[in-house]
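Dear colleague,

Please find below the structure that I am handing over to you. My notes on what was found in it follow directly after.

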Amino acid sequence: MDPVLLSFSSDPAAFLVVMVAKILVVFTVLMLIVAYATWCERKVIGHMQTRLGPMETGWHGLLQPIADGIKLFFKEDIIPAEASKIPFILAPIMILVPALITAAVIPFGADLTIPAKFILPFSSGLEGVSYIVPQQISELNIGILFVLAMAGLGVYGIVLAGWASNSKYSLLGGLRSSAQVISYELAAGLTLVAVFMLSESLSLRDIVALQMQPLNGVAGFLSFLPDWVPNWYVFSQPVAFVLFVICGMAEINRTPFDLPEAETELVSGFCTEYSSMKYAMFFMAEYANMVIIAAIAATLFLGGWGAPMNIAIFQAVPGAVWLLLKIFTFMFFFIWLRATWPRVRYDQLMFLGWKVFLPLALANIIVTGLVVVLLQ
Amino acid sequence: MANKETMTVNMGPQHPSTHGVLQLILELDGETVVKATPHIGFLHRGVEKLSEHRTYHQTIPLTDRLDYLAPMSNNLGYVLAVEKLLGITDKIPARANTIRVMLAELTRLKSHLVWLATHALDIGAMTVFLYCFREREEIIDIYEKISGARMTSNYFRVGGLSADLPAGITEDIRAFASKMPGLVDTYEGLLTGNKIWQKRTIGVGKISAEDAIDIGLTGPALRCSGVDWDLRRDNPYSGYEDYDFKVIVRDDCDTFGRYKARLDEMRESCKIILQALDKLKPGPILADCPKVCLPPKQDVVNTIEGLIHQFKIITEGFKPEVGEVYQGIEAPKGELGYYLVSDGSPQPFRMKIRPPSFVNLQALPQMVEGSLLADVIATIGTLDIVLGEIDR
């Protein structure tokens with residue numbers, strides 16, 4: 001019997017089992033990366049700054065994220081008397097949840113063919129049946145739009161946190177952040193339009209599949225290239241790639257765009273009044289967003305889970321490994337920037353967003369459109 | 001906009017970047033500063049009043065705690081003022097003067113390093129912070145070897161120094177002063193050419209030469225407004241006239257200019273230190289003024305005069321003649337002045353300190369009003385204030 005695509009209609013029980021397993025795996029891996037991203041950040045910046053970073057908790061501080069988690073968990077949870085309670089409590093959740101569910105649409109490998117007996121070992125009558133399981137929690141045909149929508153939702157958490165804390169620093173941080181995220185989302189969204197124009201699909205899975213084809217097949221003048229060069233969109237859309245990474249950094253409030261939590265100006269920005277686990281949630285959301293932006297940039301421009309060269313030995317490596325490697329490269333880049341660069345000023349940030357990145361992204365769309373039409 | 005309501009923000013005294021306990025009452029219209037009012041006094045210890053009840057020597061440790069980032073400069077200004085009051089300025093031995101100059105310049109390096117570290121951190125460049133503190137640590141180690149203390153050196157004495165340099169320290173200082181210009185290049189490599197750094201500093205916190213003079217701005221802040229004024233050259237003390245150094249004058253009047261000027265000053269300081277090391281010859285480190293300077297321990301134990309002098313200076317102190325003096329020096333942050341009035345008793349009748357930070361802080365409201373909140377932080381950094389000196 002030919003394998004069939006596993007869906008809720010084909011086999012509800014197996015579908016649920018597989019879904020729960022996928023969610024657990026992605027969530028666990030994401031949270032592990034988040035936890036150890038803090039450790040890596042401290043280590044990398046530490047070594048860049050001629051110090052060691054955490055060394056005491058475990059071997060080279062490897063248990064530091066766990067110690068931090070325990071510490072934050074047991075801290076007193078303070079809600080300021082003047083704060084608006086419900087939004088104050090909701091805000092950190094509203095930041096963390098969109099960050100996590102964005103991971104649902106990111107593909108992390110080729111489709112697997114699994115025997116049904118393996119999924120549901122105790123049910124009968126499944127001999128010979130096998131299912132195709134995509135390595136992606138949810139195969140949305142509008143995956144990119146979902147990503148943008150979730151990124152937009154995160155702003156609510158920041159605004160609410162700033163407003164509900166009833167503190168002036170928090171308010172300023174919240175306002176800065178919402179203005180920043182909204183304006184950069186626009187530019188980021190426009191850079192992605194150029195990608196859709198090439199892929200003619202909004203599904204992240206299709207976009208990755210397209211990028212695995214050899215680059216020399218795209219246009220006649222590229223035929224001199226060897227077959228192993230993949231058609232990554234970073235080659236055809238370098239401007240969009242650079243713009244997307246920069247806008248992504250602005251969206252997740254990383255240096256040099258970390259104004260909302262600019263410690264030296266606004267104390268801690270929108271999370272000034274937060275403590276204990278609520279603070280930890282902001283923290284987790286920040287790092288989760290970093291992972292997500294890295295994953296999206298890798299998926300859209302660097303071939304996602306595809307191997308960097310179309311060579312059998314590389315293609316034998318599981319896709320998740322390549323995706324993680326690409327994510328880690330981006331994360332290292334973000335951390336590196338934090339150690340190197342100062343922070344831009346609020347008005348300069350808005351200027352960059354509206355007057356530099358937005359026109360550039362628009363121009364990129366026009367040029368892409370022209371090239372696509374000419375090549376047809 | 002019809003509704004021009006402003007928001008008042010209390011920045012400080014507990015704020016990560018007000019460099020101590022400065023409180024700024026900011027009136028904000030959005031992120032634009034409408035009005036900035038500095039409130040000071042949170043670190044007041046009454047140094048000036050305390051000194052009226054101490055002998056002249058006993059005040060030296062108090063001066064360490066004024067600008068705690070540049071204790072040797074504070075010591076120097078004070079002992080120079082007392083020496084002027086006593087009229088023994090010419091009797092200071094050459095070795096003592098050379099060491100004073102060398103350590104004053106080392107202190108300038110130390111102070112500028114902390115300034116650059118915190119200024120860069122305020123603007124978000126955190127790595128420079130740690131690089132600067134790494135070098136500052138070496139200066140502090142040198143301090144410790146010389147005076148026994150890392151921060152509050154208390155090393156200079158009226159008439160000279162408290163002790164001679166320990167063996168081997170000159171090599172340490174020479175090694176440090178030789179490598180420092182290269183390290184300054186490293187900092188510049190991280191900041192000067194960085195577009196973000198330039199955008200954050202060029203044109204920020206401008207002040208014209210006229211305004212700077214009216215307010216009484218001194219130090220690098222004044223020289224960056226195009227006023228060529230450096231007490232080391234224009235009113236030399238401790239033999240500064242014998243050193244070859246350049247006074248850094250720039251006319252860009254902004255934060256970037258002050259940043260460049262201070263870095264250049266650090267390079268000049270290294271030159272002065274190396275010159276001082278070359279000049280250093282063996283010799284006495286205390287003036288031959290038995291009524292002012294403590295005698296060597298040998299004399300206290302072996303001679304009756306020594307014992308009496310020691311007893312008199314310790315129990316009573318020395319009595320300058322009735323009169324008043326003002327002595328200003330070019331401290332790292334600007335003109336540090338001591339005004340002493342003597343009524344002939346062993347304690348000063350009045351001591352007034354002119355701390356550069358206190359005067360320079362007055363320029364802050366003018367420099368920040370109309371700019372953005374983030375510029376306030378940059379401007380506080382560029383003025384290089386230290387609250388220990390402002391509040392005294």
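B:Arg392 sits in the segment after α17 of chain B. The model is a predicted one, and in it B:Arg392 has a positive phi of about 55° although this residue is not a glycine. Most residues other than glycine have a negative phi. With a relative accessible area of 11%, B:Arg392 is buried.

B:Asn154 is another non-glycine residue with a positive phi, here of about 50°. Its place is the loop between α5 and β4 (156–157) of chain B. B:Asn154 counts as partly exposed, because its relative accessibility is 23% and the buried class ends at under 20%.

I turn next to the interface between the two chains. On the side of chain B, 34 residues are in contact with 27 residues of chain A. The size of an interface is often given as the accessible area lost when the parts come together. Here the area buried between chain B and chain A is about 2600 Å², and carbon and sulfur atoms give 61% of that area. Within chain B, the residues that lose the most area to chain A are B:Glu31, B:Met126 and B:Ile196, which together account for 21% of what that side buries.

Which elements of chain B give two or more residues to the side that touches chain A? They are the strand β1 (7–11) and the helices α4 (94–123), α5 (126–147), α7 (195–201) and α16 (373–383). Sorted by class, this side of chain B has 19 nonpolar, nine polar and six charged residues.

Salt bridges are found elsewhere in the model, and the count over all chains comes to 34. Three of those in chain B are described here.

- B:Asp141 and B:Arg150 meet through their side chains at 3.4 Å, N to O. B:Asp141 is partly exposed, with a relative accessible area of 32%, and B:Arg150 counts as partly exposed at 31% relative accessibility.
- B:Lys145 and B:Asp172 form a salt bridge at 2.7 Å, N to O. B:Lys145 lies in helix α5 and B:Asp172 in helix α6 (residues 169–191) of chain B, so this pair ties together parts that are 27 residues apart in sequence. B:Asp172 counts as partly exposed, at 30% relative accessibility.
- B:Asp384 and B:Arg262 form a salt bridge at 4.0 Å, N to O. B:Asp384 is in the loop between α16 and α17 (387–391), whereas B:Arg262 is in helix α11 (residues 255–279) of chain B, so the pair ties together parts that are 122 residues apart in sequence. Both B:Asp384 and B:Arg262 are buried.

Beyond these pairs, salt bridges that share partners join B:Glu105, B:Arg108, B:Arg223, B:Asp230, B:Arg232, B:Glu265 and B:Glu330 into one network.

The largest nonpolar core has 88 residues, and the members that touch the most others are A:Leu300, A:Phe301 and A:Phe330. Helix α11 (residues 276–301) of chain A gives the most to this core, with 16 residues. Leaving aside residues up to four places away in sequence, A:Phe330 touches A:Phe241, A:Val245, A:Ala294, A:Ala297, A:Ala298 and A:Leu302. A second, separate core has 85 residues, including B:Ala117, B:Ile146, B:Leu190 and B:Ala378.

B:Ala378 is also one of the residues that B:His119 touches. B:His119 belongs to helix α4 of chain B and counts as buried, at 0% relative accessibility.

A:Ala149 is found in helix α5 (residues 143–164) of chain A and counts as partly exposed, at 40% relative accessibility. How far apart in space are A:Ala149 and A:Pro98, which are 51 residues apart in sequence? From C-alpha to C-alpha, A:Ala149 and A:Pro98 are 8.9 Å apart.

With kind regards

Definitions and conventions: Residues numbered from 1 in each chain as written. Chains lettered and ligands numbered in written order. Predicted model: local features only at pLDDT ≥ 70, side-chain atom pairs only at ≥ 80, totals over all residues. Heavy atoms only, no water. Contact = heavy atoms within 4.5 Å. Buried area = accessible area lost by both parts, 1.4 Å probe. Helix = DSSP H or I, 4+ residues; strand = E, 2+ residues; numbered from the N terminus. Nonpolar A, V, L, I, M, F, W, Y, C, P; charged D, E, K, R; others polar. Buried < 20%, exposed > 50% of the residue type's maximum accessible area, 1.4 Å probe, protein only. Core = buried A, V, L, I, M, F, W, Y, C linked by side-chain atoms within 4.5 Å.
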